[in-house]
Amino acid sequence: MTILIADQNQGFRRAVKDLLQVDDKQSTVWETDNGETAVELAQELRPDLVLMEMSLPRLSGLEATRLIKRIQASIQVIIMGEYTEQAYRLAAIRSGADAFLPK
């Protein structure tokens, strides 16, 4: 499985990457700290899954998700956010995300 983690917090990215690579030695995990690069990497690498922070610099996680889904609809995107209100979940799903995960 190939995974792209897009999150501003380097410590969070590293922790998730370490968890994913310990549980599945077959995984390839890339990471970035902004939405613009997330879209570029998704286009270039075509990961199976993108874990996308909702609030990213240079391009929001919602807009990055819209663009990634246009590039390749089969890429699974899970938007992560510190918000738990239903409105944020709906915004994530409307952007094309396959799921919303509170951080």
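**View 1. Asn34 at the start of helix α2 in the predicted model.** A side-chain oxygen of Asn34 comes to within 3.1 Å of the backbone nitrogen of Glu36. This contact sits at the start of α2, a helix made of residues 35-45. Just after α2, Arg46 has a positive phi of about 50 degrees.

**View 2. The buried residues of helix α2.** Gly35, Ala38, Val39, Leu41 and Ala42 are the buried residues of this helix. They lie on the same side of α2 because they cover an arc of only 165 degrees around the axis. In an α-helix there are 3.6 residues a turn, so residues three or four places apart point the same way. The elements that cover the buried residues of α2 include β1 (2-6), β2 (28-32), β3 and α3.

**View 3. Strands β3 and β4 with helix α3.** Strand β3 (residues 49-53) runs parallel to β4, and 5 bridges join the two strands. Within this pairing, Glu53 stands opposite Met80 in β4. Together with helix α3 (residues 61-71), β3 and β4 form a right-handed β-α-β unit.

**View 4. Strands β4 and β5 with helix α4.** Strand β4 (residues 76-81) pairs with strand β5 (residues 99-102) in the parallel sense, over 4 bridges. Which residue of β5 is the bridge partner of Ile78? The partner is Ala99. Helix α4 (residues 86-94) makes a right-handed β-α-β unit with β4 and β5.

Key. Residues numbered from 1 in each chain as written. Predicted model: local features only at pLDDT ≥ 70, side-chain atom pairs only at ≥ 80, totals over all residues. Heavy atoms only, no water. Pairing = 2+ DSSP bridges. Right-handed = clockwise from strand over helix to strand, strands pointing away. Buried < 20%, exposed > 50% of the residue type's maximum accessible area, 1.4 Å probe, protein only. Arc of directions from axis to C-beta. Contact = heavy atoms within 4.5 Å. Polar contact = N/O pair within 3.5 Å; in protein donor to acceptor, adjacent residues only side chain to side chain.
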